[in-house]
Amino acid sequence: MAGPPTLQFLGAAGTVTGSKYLVRHRGQQILLDCGLFQGLKELRLRNWLKPEFSPREIASVVLSHAHIDHTGYLPLLVKRGFRGRVHCTAATADLIEILLPDSARLQEEDAARANREGYTKHHPALPLYDLRDVKEALKLVERHPFGKEFPVAGDMRATFRHTGHILGAASVDLAIGKPDPIRLVLSGDVGRYGDPILRDPDPVPEADVLLVESTYGDRLHPPDPMTELERIINEAVRRGGPLVVPAFAVGRTQELLWFIRHLETAHRIPELPVYIDSPMGTEVTELYRHYTREHNLSLTQLADAHGSAFRTAREVMVHTVDESKALNGIDGPFVVIAGSGMATGGRVLHHLARRLSDPRTSILLPGFQAEGTRGRQLEEGARTVRIHGRDIEVRAQVYRLEGLSAHGDRAELLRWMHGFQRPPGACYVVHGEPHAAQALTATIEEELDWSVRPARDHEVVEVLRNPEWPA
Ligand SMILES: [Zn+2]
């Protein structure tokens, strides 16, 4: 007789990156999320290890949303033999067509730079994957609407439900077995309630087993990011130099522009040149016009080519690398928004390398900064950071702005969990650093009285029907 379905935590257990959950059921294997490890070197090295499963034997991958820590391993999975289907929402499919090629480019650039400048122990340094692997991966994608069950593999089916967070982001409700399935629910990344741009997360009615994220499980977001951003921008203007903002191209860039535009219109900040040094950010902004049901902005608000809701008074799109480098010569107060969001790569590194040691510079960290990233080092007050093999002294003023986060805080995560009509039989806390995962676990025990604990890396658990439910 076949045993119960099992679930193995292969990432985002005790950390926020590398989301990967392997489900085995009646000889079928599927992955929920397929994320890359980012941040700490010992985590990044895990991307290079031979996986604990055979990619060839994976029938399907189901993606909760497009962020690289949930999708960036996909090209490598394909490179290592995966030929199954990749299931995601339509907006996620469009976003990974932008994000995965960029991820490959970053890998290729890193390897090339390491070879050129000789700071590698490997000769030659090779990229983890390249654009060809990405192209192969994108051929396997199948798009699914929200709220409609689709077959995944064998007698497993899944349903996506909105979670806010970014365009296309979903929770995954996996029904295992017929006719009376066991329900395994992955929260994905849960967004905010009352966000000015994205819609609220939708509740999920029930789960036998729940995996819930905990990025901000130990904190409450400050209530008014608009006022905080106003203060930071005005201080940056008085300091006289640029405000450099490492920001994700998806979501964060658009949100910053929306806030800056509102502050300008209300005359709470001066109209500054705002350089969007992110061709990807511009492409993503376009997608808001296609997915109007996923956000609160009307087509009129998004009327012009770049989305007028996301256009500040003196906005400048920076397209080429030369245009980007030309910003090095500009003085005086201005804003530059560039990726990557945790300063792990991308064009923002050049701006940081050029500006960090100037005390007139301000740096704004508008999102979560994972352990081991330069963003986290800056957040924690590092005196120097290493960029492209050089130590750069930090004399700039560094700000963080948590209120702009795309992740719900402790109260918002609880609000989402209150949506379940019955308690899950087992709840595993994932996608959080240990302190955050512990804190959310304690909160769930206290407030919901569920059976809950943090997921342990690599462990295999059985996916069982909630014994307390009537059959
Ligand atoms: Zn995410």
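Which residue's side chain meets that of Arg-143 in a salt bridge? The points below answer this and then take up other local features of the model, which is a predicted one.

1. **The pair Arg-143 and Glu-97.** The partner of Arg-143 is Glu-97, and the salt bridge between their side chains has an N to O distance of 3.5 Å. Arg-143 is partly exposed, at 41% relative accessibility. Glu-97 is likewise partly exposed, with a relative accessible area of 44%.

2. **Other salt bridges.** The structure holds 31 salt bridges. Side chains of opposite charge can pair when their charged atoms come close. One of the salt bridges joins Asp-218 and Arg-219, with 3.2 Å from N to O. Arg-219 counts as partly exposed, its relative accessibility being 25%. Another links Glu-459 to Arg-456, where the closest N and O atoms are 3.5 Å apart. In this pair Glu-459 is buried because its relative accessibility is 15%, and the cut-off for buried is under 20%. Arg-456, at 49%, is partly exposed. Through shared partners, salt bridges also join Asp-218, Arg-219, Glu-379, Arg-400 and Glu-402 into one network.

3. Helix α13 covers residues 434-448, which makes 15 residues. From first C-alpha to last, α13 reaches 21 Å, close to the 21 Å expected at 1.5 Å a residue. Its buried residues are Ala-436, Ala-437, Leu-440, Thr-441, Thr-443, Ile-444 and Leu-448. Viewed down the axis of α13, these buried residues fall within an arc of 165 degrees, so they line one face of the helix. An α-helix has 3.6 residues a turn, so residues three or four places apart point the same way. On the face of α13 turned away from the buried side are the exposed residues His-435 and Glu-446.

4. **What covers α13.** The cover over the buried residues of α13 includes β11 (209-213), α12 (410-417), β20 (426-430) and β21 (452-454). Thr-443, a residue of helix α13, is buried, with a relative accessible area of 12%. Leaving aside residues up to four places away in sequence, Thr-443 touches Arg-410, Leu-414 and Leu-448. Thr-443 and Arg-410 are 33 residues apart in sequence, and their C-alpha atoms are 8.3 Å apart in space.

5. The loop between β20 and α13 contains His-431. The phi of His-431 is near 50 degrees, a positive value in a residue other than glycine. His-431 is buried, with a relative accessible area of 3%. Just after α13, Asp-449 takes a positive phi of about 60 degrees.

6. **The loop between β15 and α10.** Ser-340 is placed in the loop between β15 (335-338) and α10 (348-355). The peptide bond from Gly-339 to Ser-340 is cis, with omega near 5 degrees. Ala-343 also lies in the loop between β15 and α10. Ala-343 has a phi near 55 degrees, a positive value in a residue other than glycine. At 0% relative accessibility, Ala-343 counts as buried.

7. Lys-178 and Pro-179 are joined by a cis peptide bond, with omega of about -5 degrees. Pro-179 is found in the loop between β9 (170-176) and β10 (182-186).

8. **Ser-362 in strand β16.** Is Ser-362 buried or exposed? Ser-362 is buried, its relative accessible area being 0%. This residue lies in strand β16 (residues 362-365). With residues up to four places away in sequence not counted, Ser-362 touches Ala-236, Arg-239, Pro-242, Leu-243, Val-244, Gln-397 and Tyr-399.

9. Rolling a probe the size of a water molecule over the atoms shows where empty space is left. The structure holds five cavities of 30 Å³ or more. The largest cavity has a volume of about 90 Å³. Among the residues that line the largest cavity are His-165, Arg-192, Asp-195, Arg-252, Glu-255 and Tyr-288. The lining of the largest cavity also includes Ile-197, Leu-198, Ser-405 and Ala-406.

How values were computed. Residues numbered from 1 in each chain as written. Predicted model: local features only at pLDDT ≥ 70, side-chain atom pairs only at ≥ 80, totals over all residues. Heavy atoms only, no water. Helix = DSSP H or I, 4+ residues; strand = E, 2+ residues; numbered from the N terminus. Expected span 1.5 Å × (residues − 1). Buried < 20%, exposed > 50% of the residue type's maximum accessible area, 1.4 Å probe, protein only. Arc of directions from axis to C-beta. Contact = heavy atoms within 4.5 Å. Salt bridge = Lys/Arg side-chain N within 4 Å of Asp/Glu carboxyl O. 1 Å grid on protein atoms, 1.4 Å probe; cavity = no way out; pocket = protein on both sides within 12 Å on 5 of 7 lines; lining within 4 Å. Points joined across faces, edges and corners; volume = space filled by probe spheres on them.
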